[in-house]
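Biologist: Hi! Could you walk me through this model before I start on my notes?

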Amino acid sequence: MSTTNQSTAGAPAQGATLAAGAKPAAKPAGPRRIPAPRVLPEAMPFWEAAKEGRLLIKRCQDCGETHYYPRDICPHCMSSNTGWIDAKGEGTIYSFSTMGKDEARYTLAYVTLDEGVTMLTDLVDCDSAALAIGQRVKLVFKPSEGDYPVPMFTPV
Ligand SMILES: [Zn+2]
């Protein structure tokens, strides 16, 4: 079997643009900027701890379950008897997806912490082609455009 690549003479020219009404060129993709996190009052201790490089999660003192994103009310049993604990900052990749291109590429992921909660986060400082579900990752804080650094993860 042979494959033939015929160049089709007379095909419409690719990339032809109309001079009138031409759209402005797209901005070149720069390194990804991390937007300032939206800080809700009930999560303020989480962000203050982030400044110190600590990852806090919430544990319910009635049912014992942990949860993330931090809320005043336990999503498992609706108790308001929740408290903060320091997460160890290690976990495994539950799923991930790489987006963007060139230096603006970034990898969104769900990471399940050893404490049991799953966080939507970014995987950073790694070769996205070498990532795998189930891989061990550890916490790293990255500066955002706001006042608080954002918890992200990198392969162990
Ligand atoms: Zn509970």
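Modeller: Happy to; we can start with confidence and then go through the strands, the core and the loops.

Biologist: Great. What is the average pLDDT of the chain?

Modeller: This is a predicted model, and the chain averages a pLDDT of 86, with 81% of the residues scoring at least 70.

Biologist: And where does pLDDT stay under 50?

Modeller: Over residues 1-19. For that stretch the model has 1 contact beyond four places in sequence.

Biologist: Okay, I'll be careful there. How many helices and strands are in the chain?

Modeller: There are 1 helix and 8 strands. Read from the N terminus, the elements run α-β-β-β-β-β-β-β-β.

Biologist: What order do the strands take in the open sheet of 3?

Modeller: The order is E2-E1-E3, and the pairing is antiparallel. Strand E2 (66-67) and strand E3 (82-86) stand at the edges with a single partner strand each, so one side of each has no neighbour in the sheet.

Biologist: How many bridges link E1 and E2?

Modeller: E1, which covers residues 56-60, pairs with E2 over 2 bridges in the antiparallel sense. Arg59 has Thr66 in E2 as its bridge partner.

Biologist: What about E5 and E6?

Modeller: E5 and E6 run antiparallel and are joined by 6 bridges. Met119 in E6 is the bridge partner of Val111.

Biologist: Nice. Let's move to the core. Which residues of the largest nonpolar core touch the most other members?

Modeller: Ile93, Ala109, Val111, Leu123, Val137 and Phe153 do, out of 18 residues in that core. At least two core residues come from each of helix H1 (44-51), strand E4 (90-99), strand E5 (106-113), strand E6 (118-123), strand E7 (136-142) and strand E8 (150-155).

Biologist: Let me pick Val137. What is Val137 in contact with, leaving aside neighbours within four places in sequence?

Modeller: Val137 is in contact with Gly91, Thr92, Ile93, Val111, Leu123, Phe153, Thr154, Pro155 and Val156. Ile93, Val111, Leu123 and Phe153 from that list are also among the core residues that touch the most other members.

Biologist: And for the whole chain, what share of the residues counts as buried?

Modeller: 17% of the 156 residues. As for contacts with a separation of 6 or more, 50% are between residues 24 or more positions apart.

Biologist: Let's switch to backbone geometry. Where is the cis peptide bond?

Modeller: The cis bond joins Tyr68 and Tyr69, with omega about 0 degrees. Tyr69 is in the loop between E2 and E3.

Biologist: Which residues have a positive phi although they are not glycine?

Modeller: Asp102 is one of them, with a phi of about 50 degrees, and Asp125 is another, at about 55 degrees. Asp102 lies in the loop between E4 and E5, while Asp125 lies in the loop between E6 and E7.

Biologist: Are those two buried or exposed?

Modeller: Asp102 counts as exposed because it has 9 C-beta neighbours inside 10 Å. Asp125 counts as exposed too, with 10 such neighbours.

Biologist: What about glycines in the hairpins?

Modeller: The hairpin of E4 and E5 has 6 residues between the strands, and Gly100 there takes a positive phi near 75 degrees. In the hairpin of E5 and E6, with 4 residues between the strands, Gly116 takes a positive phi near 110 degrees.

Biologist: Last one: how far apart are Gly53 and Gly89?

Modeller: They are 36 residues apart in sequence and 10.0 Å apart in space, C-alpha to C-alpha. Gly53 sits in the loop between H1 and E1, and it counts as exposed because it has 12 C-beta neighbours inside 10 Å.

Key:
Residues are numbered from 1 along each chain as its sequence is written. This is a predicted model: local features need pLDDT of at least 70, side-chain atom pairs count only at pLDDT 80 or more; totals for chains, interfaces and linings use all residues. Two strands pair if DSSP finds at least two bridges between them. A nonpolar core is a set of buried Ala, Val, Leu, Ile, Met, Phe, Trp, Tyr and Cys residues joined through C-beta atoms within 7 Å. A residue is buried if 20 or more other C-beta atoms lie within 10 Å of its own, exposed if 12 or fewer, and partly exposed in between; C-beta atoms are placed from the backbone. Two residues are in contact if their C-beta atoms, placed from the backbone, lie within 7 Å. pLDDT is the predictor's confidence in each residue, from 0 to 100.
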